Amino acid sequence: KLHSDLDKGVGTVKYTLSGDGAGTVFTIDETTGDIHAIRSLDREEKPFYTLRAQAVDVDTKKPLEPESEFIIKVQDINDNEPKFLDGPYVASVPEMSPVGAYVLQVKATDADDPTYGNSARVVYSILQGQPYFSIDPKTGVIRTALPNMDREVKEQYQVLIQAKDMGGQLGGLAGTTTVNITLTDVNDNPPRFPKSIFHLKVPESSHVGSAIGRIRAVDPDLGKNAEIEYNIVPGDGGNLFEITTDENTQEGVIKLKKPLDFETKKAYTFKVEASNLHLDHRFHSVGPFKDTATVKINVLDMDEPPVFSKPMYTMEVYEDTPVGTIIGAVTAQDLDAGSSSVRYFIDWKNDGNSYFTIDATEGTIATNELLDRESTAQYNFSIIASKVSNPLLTSKVNVIINVLDVNEFPPEISVPYETSVCENAKPGQVIQTITAADKDLSPAGQRFSFRLSPEASNKPNFTVHDYRNNTAGIETRRNGYSRRQQELHFLPVVIEDSSYPVQSSTNTMTIRVCRCDADGTILSCNVEAIFLPVGLSTGALIAILLCIVILLVIVVLYVALRRQKKKDTLMTSKEDIRDNVIHYDDEGGGEEDTQAFDIGALRNPKVIEDNKIRRDIKPDTLRFPRQRPPAEDNTDIRDFINQRLHENDVDPTAPPYDSLATYAYEGNGSVAESLSSIDSLTTEADQDYDYLSDWGPRFKILADMFGEEESYNPDKVT
């Protein structure tokens, strides 16, 4: 109830309510101020409510007093029973445990208020499961209540636990749960033979190493506690036999160590001891954990069928093996006294296709058709061996042939084929770990090897480190990389598998040089990023490159033209020197023009040494030295040529090529007779050249030239 001191009871004051649950859970009488709950309250849902109340003038609607806040607490009652949130429970305890051995702790939760009364105080008790187990009423810990509980007597127990509030008093609410308890096994029982004597009959044809019989000792324990070891006690015949333990059935398998001969000895007797492998020291006082039995073996004399060397044959062959290939052999023997030959046959009664053949005498199995592993991966058939002396005595053995997959596909690098390396990478840094994949049906233990291809082994950039676990690492081999020098590196990696036949492939890894920060985080790998620090766009760079290319083309053309012009000039100069070509501004006279040739060189070989006059200009004064008469056999020409040849051979300034000058003179058939002065009996000074003017216009220039020579001769008297 709310009341204001300003309320005189005349209806001038109005009370209002706001806050948690106002109008939904609680309501207030506006005139009297009484607060009522309009629905049921649940403490577990909401333990308290915070409300605000105010007194308002009815006429002016103005507050008469400041707003006040108050809390309504919900008082708890015992309306919730204890609950096992984790139930039902499963537990275990070793058999033969002492009284009070810990089994499990259960816990029940009560939603009532633990601080108010006994509504949440829980007490535990066992409704079902006594007298085997007990429970602590306060903690809920379950313990054994009886000693020496035997698993072999009873293994499973179901215990019903009750949790009751109000301290277990009358009127309290209760909840229950089930606990399933299993007794685990301990080695508390020794092995025992069900009988003291075992009788076995063994044919004398049994081969060495074959199992001739089984005996078994019984141990009621489980698992490793029931594992039994069998041993033959030294004595009569014990050296001919041995016994081993079958791990699946815990039976003693008696095998033959040496051949048996019925004519030599017909029976053997020995003792076998069975004992536990894993003993529990707590039960040593019970007695020895072992038992003994007697084994009697009678050797049988009988005509037996051939005996195969193995109880089953397993062979392997690769698919697509050529027809007729031998893939294995079976062997059977006749162990009787009169040993007979054995013949082999394939039992195709349950097999529709004859994929294999067998040699009747040797027992070798060969392919009869091409095999396809994808069609049939395994063949299972029987082979019959019969004695030639008694074909009715036959033996049968099962043969399993597994078709192996041919290694047809080389291994390849699993994605990715492209990786990156930082410009600031250090030597020995692993930049990528690669694995391999093979399209073939890889056998168990398939191994892949990784290495660099031979052409990349000498390059100092990267290397491949084979981890020998079907993975490899790409490692750097130098300190730092430059994108400006080379942006992409191509690393050929050779991968080889371990199947037959060995397959290998070369896979090229693309390694991109990237710009990274100091921590190795990649900042950029694109090509444009290399030039971004310069501040130029891609279009500007392309324009600059085009200008450079145009300038280079112009320079190359200019240099080529200059070289061509210089070559032409040099060629002209060389031809002038070599061919003695003299250039004139006017047209020459052809055969009538003799001023371009010094005919005196034909008359006297010494003319070059004695009178070196230029032949390309007309001399001011021509003086002709006296010549000696030539020999009658015209040897001067030969001597002259030999002399000039010798001079050019010894001259260090002469050109490296030989100069051959041909001097032709007219013979006796000419109307004007010979023009040469070589055969003249007189010297040039005594010659009269007036007759040259009578030879016609073709010799006019020659007559004028010699006529001038005579007119300028100071020795001639006119």
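## Pairing of β1 and β4

In this predicted model, β1 and strand β4 (residues 48-57) run antiparallel and are joined by seven bridges. Strands here are DSSP runs of E with at least two residues, numbered from the N terminus, and two of them pair if DSSP finds at least two bridges between them. Gly19 has Leu51 in β4 as its bridge partner.

These strands belong to an open sheet of three, with antiparallel pairing and the order β1-β4-β5. Because β1 (13-19) and β5 (68-73) each have a single partner strand, they stand at the edges, and one side of each lacks a neighbour in the sheet. On average, neighbouring strands of this sheet are turned by 30 degrees against each other, direction ignored, with axes being lines fitted to C-alpha atoms and angles defined from 0 to 180 degrees between N-to-C directions.

## Partners of β19

Strand β19 (residues 290-300) runs parallel to strand β13 (residues 197-203), with seven bridges joining them. Pro203 stands opposite Leu300 in β19.

Strand β18 (residues 267-276) pairs with β19 in the antiparallel sense over nine bridges. Ala274 has Asp291 in β19 as its bridge partner.

## Confidence

The protein chain has an average pLDDT (the predictor's confidence in each residue, from 0 to 100) of 80, and 80% of the residues score at least 70. Residues 574-579 have pLDDT below 50, and this stretch makes four contacts (heavy atoms within 4.5 Å) beyond near neighbours in sequence. Where pLDDT is low, predicted coordinates should not be read in detail.

Residues are numbered from 1 along each chain as its sequence is written. Local features need pLDDT of at least 70, side-chain atom pairs count only at pLDDT 80 or more, and totals for chains, interfaces and linings use all residues, while side-chain values use heavy atoms, leaving out hydrogens and water.

Definitions and conventions:
Helix = DSSP H or I, 4+ residues; strand = E, 2+ residues; numbered from the N terminus.
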